Amino acid sequence: MDKKEAPKSALDALVSLCKRRGFIFQSSEVYGGFAGFWDYGPLGCELKRNIKERWWRFMVRDREDVEGLDASIIMHPAIWKASGHLDTFSDPMSMCKGNCRKLMRADQIWEIFEDSPIKAALEPLVGDAGAVANWCKGKGKNVAPGLYTVQHPERLEAIFETLKTVPDVRALFILLATPAGEPEALPCPNCGGVMTEPRPFNLMFKTVVGPIDDPSNVAYLRPETAQAIFAEFPNVMVSSRQAPPFGIGQIGKSFRNEVTPRNYIFRSREFEQMELEFFIKPDEAVELLCGRVEPLTDDTDLSEPKPEWGWACWHKYWVEQRKQWLVANGLPKDSFVEYWQKPDELAHYARACVDIEYRFPFGTQELEGIAARSDFDLSRHQEHSGKSMEVFDEPLKLAVKKLSDDEKAAFRAKVVAEWQGRGKTAEAANAFIDRLFEGKYIPHVIEPSAGVDRMALALLCDAYEEQRLVDEKGKEDVRTVLHLAPAIAPVKVAVFPLVKNRPELRNLARDIFKRLQKRWNCFWDETGAIGRRYRRQDEIGTPFCVTVDFDTLEKDGTVTLRDRDSMTQERISVDDLIAKVDAAVNG
Ligand code: GAP
């Protein structure tokens, strides 16, 4: 089957494997679970660790222009006032006024309806008024006990003719849910009752710091790692002796009190983010320094950063870097798409935002985002904290010194006009230019922001395959295999002694295992037929299996190396095996 069209049932099979083999468990399962929280088991935590390690290496350690940070999860509440989270980080929430009283995100109600038993029951009845009436008086009582026409079947007579002409199942559901003479209801996809008008619901988890449970001691679990980076920007810049363009990367837990956590680990209440805030000079500073700002075109060479780059080139550069990383870690190029947010979808301060969307079995949805956030965040923290977030750029000051008064005036007129074109005041533009002429500015930010859990889900979905195999005797079999990239796979090598009851063979295999274990996460298995042992490793995505047999012991010391994807086997020395696995894991 084409993975692009993987049905939702593919997710069910994956969820079952993840539980059975120790990747992901429902949190607090022994107490009936806890919605929106997940535990990563022995294999899941290795998988996540590998994703984080790969991100860190690519985004932070391998670059000279990015520094790392590990900030606290609970920070001064003023940070969330400055960032806007206290006032605006909310989802529209509705509650069912009917039987079930469920809370739902108002913008997800129709998405939830798509998978509901109510939709499944009503869809075949669209246009058949008699069948709808029978359903309301019969089976509907179980499937949609809160639905108005189920509770008031006398209403059916008045809408009988309209029931014949409803265009689709949504229109039918709305019609059945709306009491006579009232405006169209927003029906509850769980019980059919009517939902309340949406109201904003802040997603931040509250806690109390210190022993006194008082509103003045309220603090918040961070809903994103980004804000700590902004708050620490001056400390990191000074201590690491960096200057824009440079970035600060951070990996850590974030918490959002999601109204309807759903789609497995896709939307959780506790999750991990991998975020980079990359600080760049404002375009106006680039122009003063370089005489021009490189325009972004289809032909722009984005392989290496250049001093002439403005925000548009830097933004596209990071989009390309992120795509490169996704492919290098096992997501095929055609499994995700770039979605460029339209101007009316952008936050008011954002210049551009690209969502990288992966084709999950439940639909094409955001995997990560790359936003051009202007100087919004640092400006807000400067304003609220009273501490300067400005950078002093000596070369900029020198470049301005070389300009004549006429050149300065022309530059000022141009910038003021540009700012006014973007809806800003001449006063704000002039204040900015005054600072710029002193060599000072607040950096702008490009933010590639990714979720560890979402990446893990995408990689698992993409890797999962049920292969139909036919053996030499014509017997059919299904091989479940996770085609995870070797760098991402939780176990890199499994080592098997051919038999377990020959101590000298077993000891030799143990020695090899111990040697390999020093380098990678390895797995020892001495039980069952070799074929069964291979299958157990295929199912968890182990790229290589090594069998130590009598030839290893009695002849040349070579082992059998079996490749997960091709299932081919070769005899190889342990040294060559190490080189081969190393190349695959670090590739
Ligand atoms: N600092 C920007 C920011 O946080 P976001 O789009 O809200 O932007 C970035 O989050 C990434 O974090 C998302 O693309 C996703 O991968 C991950 N993420 C966000 N909310 C999540 C949730 N409730 N559960 C799992 N991952 C989530």
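Q: Which residues line the largest cavity?
A: This is a predicted model: local features need pLDDT of at least 70, side-chain atom pairs count only at pLDDT 80 or more, and totals for chains, interfaces and linings use all residues. On a 1 Å grid over the protein atoms alone, a cavity is a set of points where a 1.4 Å probe fits but cannot get out, and a lining residue has an atom within 4 Å of a point. By that test, the lining is Ile280, Trp311, Arg351, Ala372, Arg373, Ser374, His444, Val445 and Ile446.

Q: How much space lies in the largest cavity?
A: Volume here is the space filled by probe spheres set on the grid points, which are joined across faces, edges and corners. The count comes to one cavity of 30 Å³ or more. The space in the largest cavity is about 30 Å³.

Q: Which element gives the most to the lining of the largest cavity?
A: Residues are numbered from 1 along each chain as its sequence is written, and side-chain values use heavy atoms, with hydrogens and water left out. Elements are DSSP runs numbered from the N terminus: helices (H or I, at least four residues) and strands (E, at least two). Three residues of the lining, the most from any element, come from S16.

Q: How much space lies in the largest pocket?
A: A pocket, unlike a cavity, is an open set of points, with protein on both sides within 12 Å along at least five of seven lines. For the largest pocket, the space comes to about 1500 Å³.  Of its 49 lining residues, those closest to the centre include Phe89 and Gln341. Again, the volume is about 1500 Å³.

Q: Which element gives the most to the lining of the largest pocket?
A: Elements supplying at least two residues each include helix H4 (85-88), strand S4 (90-95), strand S12 (352-360) and helix H16 (376-385). The top contribution is eight residues, and it comes from S13.

Q: Where does the ligand sit?
A: A molecule counts as sitting in a pocket if more than half of its atoms lie within 2 Å of the pocket's grid points. By that criterion, the ligand is in the largest pocket.

Q: What share of the ligand's accessible area does the protein cover?
A: Start with the polar contacts (N or O pairs within 3.5 Å; within protein, one atom must be able to donate a hydrogen and the other to accept it, and residues adjacent in sequence count only if both atoms are side-chain atoms). A ligand nitrogen is 2.7 Å from a side-chain N or O atom of Glu224, and a ligand oxygen is 3.0 Å from a polar backbone atom of Gly451. By Shrake-Rupley with a 1.4 Å probe, the ligand on its own has 550 Å² of accessible area, and the protein covers 88%.

Q: What is omega for the cis peptide bond that joins Pro244 and Pro245?
A: Most peptide bonds are trans. Pro245 lies in the loop between helix H13 (233-240) and strand S9 (246-255). The cis bond between Pro244 and Pro245 has an omega of about 5°.
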